[in-house]
Number of protein chains: 2
Amino acid sequence: MIGRIVIDEVRPRTPTGHPAKAVVGETVPVSADIFRDGHDILAARVRWRSTDKDGEWAEAPLHHVGNDRWEGTLEATALGHHELVIEAWTDAYATWRHKVTTKLGAGQDLGSELAEGAALLAARARKLDKEDREQLAAARGALLDESMSNWDRLRDALDVSIGQQLAGPASTKETTRTKPYPLWVDRERALYGAWYELFPRSEGGLRATAHNRLPAVADMGFDVLYLPPIHPIGTTKRKGRNNTLTPEPDDPGSPWAIGSPEGGHTSIHPELGTEEDFAELVRAAQSREMEIALDYALQCSPDHPWVSEHPEWFHHRADGSIAYAENPPKRYEDIYPINFWPSKDSDRVALWEACRDIFLHWIDRGVRIFRVDNPHTKPLAFWEWVIPQVRDRYPDTIFLAEAFTRPKVMAALAAVGFTQSYTYFTWRTSKWELEQYLIELTQGPVADYMRPNFWPNTPDILSGPLRGGGEAAFKIRLMLAATLAPAYGMYSGYELLENQPASETNEEYHQSEKYEIKKRDWDSPDSLAPWITTLNRFRRDHPALHRLRNIRFIACNNDAVMAFAKVSDDGADTVIGVVNLDPHTSHEATLYLDLPALGLAPDRPFEVEDAFSGRSFTWGPNPYVRLDPSEPAHLLHVVSPSVDAP
Amino acid sequence: MIGRIVIDEVRPRTPTGHPAKAVVGETVPVSADIFRDGHDILAARVRWRSTDKDGEWAEAPLHHVGNDRWEGTLEATALGHHELVIEAWTDAYATWRHKVTTKLGAGQDLGSELAEGAALLAARARKLDKEDREQLAAARGALLDESMSNWDRLRDALDVSIGQQLAGPASTKETTRTKPYPLWVDRERALYGAWYELFPRSEGGLRATAHNRLPAVADMGFDVLYLPPIHPIGTTKRKGRNNTLTPEPDDPGSPWAIGSPEGGHTSIHPELGTEEDFAELVRAAQSREMEIALDYALQCSPDHPWVSEHPEWFHHRADGSIAYAENPPKRYEDIYPINFWPSKDSDRVALWEACRDIFLHWIDRGVRIFRVDNPHTKPLAFWEWVIPQVRDRYPDTIFLAEAFTRPKVMAALAAVGFTQSYTYFTWRTSKWELEQYLIELTQGPVADYMRPNFWPNTPDILSGPLRGGGEAAFKIRLMLAATLAPAYGMYSGYELLENQPASETNEEYHQSEKYEIKKRDWDSPDSLAPWITTLNRFRRDHPALHRLRNIRFIACNNDAVMAFAKVSDDGADTVIGVVNLDPHTSHEATLYLDLPALGLAPDRPFEVEDAFSGRSFTWGPNPYVRLDPSEPAHLLHVVSPSVDAP
């Protein structure tokens, strides 16, 4: 049954009924369609609370923004499960006020409106404190005083402060209320953070990584150090260098072929180090205010202990053998996929619990961030089960979905619980497709529950402008990733401009680090590390870049130049990015700024400062920019909201 | 909990959970997002049945059309309540077939695929009849025959007919099924029909209308004769001619000021005739295969019997008087709005039942179509209750919502049950806005449950090009209304090109028939009646125009020329409309037809015939048209799908 007031199309929400998402302290947009029959004036609000702690309800008003859409914001202050409800009611005072002022303005007889206003004030007076009650009584008295003019009788009752006293529903009976919509609140790192991916075996193991490479990565300003699987690697059907089927004896194999007689998903590859070495790495990260992220890849090499201990957890061929992974005609004979639906349900329960316990094992060892490998090839029902199993115990856990698949599957993974998602950013290169994609991610329905993590490269993906590109291309793509999205990451070697592809048509790297150990000259004078350090420091210093939904694209008259602005939740920080998307040519453009939308006066110049060049500019609404491939981006913040005109 | 397969965003549906809509015999598009983890091949179908009669399930396949969207159609054959479910399952045979043929094509070892295919066939053979089982057994035998080549072993198992036998889910356990989605099935008149509105008092009453005017309206090809309220009219605060507050003694008053001492909503105005005269009108309509539609206007003149009998059904002012209708500063003192929420719930129940009984009263007297006045000023909850109250007893009842209000309110009225809706057509005049609006109405979410009824004019609305327009404007707007939408209507006087506005800014007519009796010369030689007769005859003869969702706009190189095509459900009838939207100037255009989409060969000429001129044209994919204001539209049908090239 429909209520007296219709409240529909509530956001934030997921299409599947799973929780929408926010982080602590984030200003979260809330909106709904709200309407009723007739011409009475409505009022509405959002109320929310933590349900873990049976918390107090907070509330904020919603405002009509046109076409029966109402908008407001909420801000959650605690981790964990929350709920929100939208409430709407007929605002009897506002309706009366509109009616009486319209009649007054039209010079019409007020009829019994004065007495009706007095009755309205009397009915509401009971709920107010003494001082407000007295103000209301005086206003009511004036309404009923026939010795005065209509205007004098109405003056007090139409006062703004009376309207404020009468805000809110007169009674719960008059209020239409939605069902509760669930909202999961993460810590801020779920939304905002810079990731760095490296293979610890290339750095000499876990302890060497902790002591040598991690400090340098920390100095570059990264927040998360993400490691591909650190577990023992199988030898059966091991892949050789360049993904060949004929490995040399010293080829290390792919870290994703998990498991050997030395252990599986809860073990550490002996060549990387010991449990204590891992603990040392976690401690080293913590001491630099970084975190370690581990890979969570649910597949087994033929040598994984589960294969012999739990053959019922794998797919069996008609000939009795265990099926290796394949997507015909591609074959991955060094990997057995897991069968998440064994025929006996008790086997399924044991399997799913074992998979959950991998998370718990590493959480016990100080890990709270997991990059989940290929989640789209595992059942959505498994993720729907396992993520709350972990997250309800450790609400600071972060799950990044490495799903490069169809858009609806990626959205469904986010809806059932993944904290963050890899995206199509890598393949969005022109201005119109970047803008369209960002609008989808930041304003579309998925913005309520899917958080992007932008990667210009991964060990699997060397694509787009990086393939033929030099330093300019690497700067452009990293600038875009790091400023368009609050979470981004890069795979090591990016700073050294590595870009030799496996082939013209293969997006992988030549001599991929997945199959061999790499030695790199981190001290190369050509390294982008200093530039990256500047970029990451600016990100940290500017809360405007810690948010996703606040992006606003800036019109400009050159399709090779993309510009955008972000304003922090509190309005105090305004960042403007301008990027020359063409790594080969200088481009000029005029920008068309919407200054009031950036919190700036429309008619006064203001000063911006560029993080890369250190230069300052005095800008008006239509600034001119020129960007050369040698420094293809401006990373600006508004230094002073208004400066004296020159 | 999410299923093994996700099925989401099912259409048709309403956002509120009320039934979507179809008419008997209509081809209804059905679609859903359907996907699962991994690479296995899915299959899906829609099943539907009448729930009134606990009917047999019918089913039809859904096909993947891209981006995980699946589409198909259903067709209901009975009136009343239906339900539909979407089912999806992993197609084990198709998955096996894809895998084995890909491996075969890549020259790979088939491993145990042959044995697995044999097991698959064996598992399914049990459910088939003897002949099919034998075919399957032979195919299975070949698969296992190691003496043959792989290709010979597979030949029978890969045969298309085997795939057909194995279509459908292997077991209900493997099938993911949505909840049932409700669907209400109306008779065809709910979707398709030409309406004519007249004031019977201007024609000399009900009997004179039956004998004089109705035959002429029937001859023009209209299906529904719609009468404004025929009830006694109040005298208190009666409006005079041109909506004045100072009526002359012989001014008849607005028919919407319903009720006098002579009766209310179930009475007939004595000046219009008797119950027997009304019965005569109903019989006359039936004899011409027309129907009478009555106005259902829930408001009362101050003289309505309910005012004294049920003062609790009205709003009371502080001074004890009953409140007249107003939308400040506008006042409607000849009308009391009804208070649908009296404070006592027993009063509410009595009121709502009395309102329902008005429908039942006229249904008893042969009426099945109601044009509901201003439904958006009455509670949605009332319509949600009263429409099923009537429709479940008389499923052939049609409710047309006369709501010219905000889009979400109009959609909600349709969602809770209105059969048809007035629209913004009257205010959509340029090509881009007509096309955008039609795409919204025919393909957007509202197409599942909101059926437009297009009116170029009503007694309240003389707008747009008609105001300054001559015959060309009247032809253009009627052509658009009658061909873009399967249901359309016009208010009498249109054929005489009446277009004197109340003022430059007032959309009403000067000397509106709402406040006075009009005498017209129906035999005027300038009447559009012959042209309208041609238009309506063409509509009747062409089933392509009996449907809403089949419209397809045709690109053309002149923004003053709009072209579109409609193909009937069975594909046998193709109609093309071309309209010069400019009533003042001749326009030429080249059309760009998508011939295969119209069921025509892409490379052969075809013949079309114009209903207005009677001329035939031989067209190819890019026909040239020239339309003069004297005959501003082509109303074409494809006479022969291919003709010999000249």
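This is a predicted model: local features need pLDDT of at least 70, side-chain atom pairs count only at pLDDT 80 or more; totals for chains, interfaces and linings use all residues.
Colleague: Where does A:Pro329 lie, and what is the peptide bond from A:Pro328 to A:Pro329 like?

Modeller: That bond, too, is cis, with omega near 5°, and A:Pro329 sits in the loop between β14 (325–327) and β15 (330–332) of chain A.

Colleague: Turning to phi, what value does A:Asn374 have, and is the residue buried or partly exposed?

Modeller: Phi of A:Asn374 is near 45°, which is a positive value in a residue other than glycine. The residue belongs to the loop between β17 (369–373) and α10 (380–391) of chain A, and with a relative accessible area of 28% A:Asn374 is partly exposed, because that class lies between the limits of 20% and 50%. A positive phi is also found at A:Leu497, where the value is near 60°, and A:Leu497 is placed in the loop between β20 (487–491) and α15 (529–541) of chain A.

Colleague: How should I read the packing of two helices, and at what angle do α9 and α10 of chain A pack?

Modeller: In general, two packed helices are described by the angle between their axes and the distance between the axes. Here, helix α9 (residues 345–364) of chain A packs against α10(A) at an angle of about 35°, and their axes are 10 Å apart. The crossing in which α9(A) passes α10(A) is right-handed.

Colleague: Which residues make the contact, and how many of them are nonpolar, polar or charged?

Modeller: On the side of α9(A), the residues include A:Trp352, A:Cys355, A:Phe359 and A:Ile363, while those of α10(A) include A:Phe382, A:Trp385, A:Val386 and A:Val390. By class, the contact of α9(A) with α10(A) has 9 nonpolar, 1 polar and 2 charged residues.

Colleague: Is A:Cys556 buried or exposed, and what is its relative accessible area?

Modeller: A:Cys556 has a relative accessible area of 12% and is therefore buried, the limit for that class being under 20%. In chain B, B:Cys556 is likewise buried, with a relative accessible area of 14%.

Terms used
Residues are numbered from 1 along each chain as its sequence is written. Chains are lettered from A and ligands numbered from 1 in the order in which they are written. Side-chain values use heavy atoms; hydrogens and water are left out. Helices (H or I, at least four residues) and strands (E, at least two) are DSSP runs, numbered from the N terminus. Buried means under 20% relative accessible area, exposed over 50%, partly exposed in between (1.4 Å probe, protein chains only). Axes are lines fitted to C-alpha atoms, for helices over the stretch in contact, and angles run from 0 to 180 degrees between N-to-C directions. A crossing is left-handed if the near helix is turned anticlockwise from the far one by less than a right angle, and right-handed if clockwise. Contact means heavy atoms within 4.5 Å. Ala, Val, Leu, Ile, Met, Phe, Trp, Tyr, Cys and Pro count as nonpolar, Asp, Glu, Lys and Arg as charged, and the others, Gly among them, as polar.
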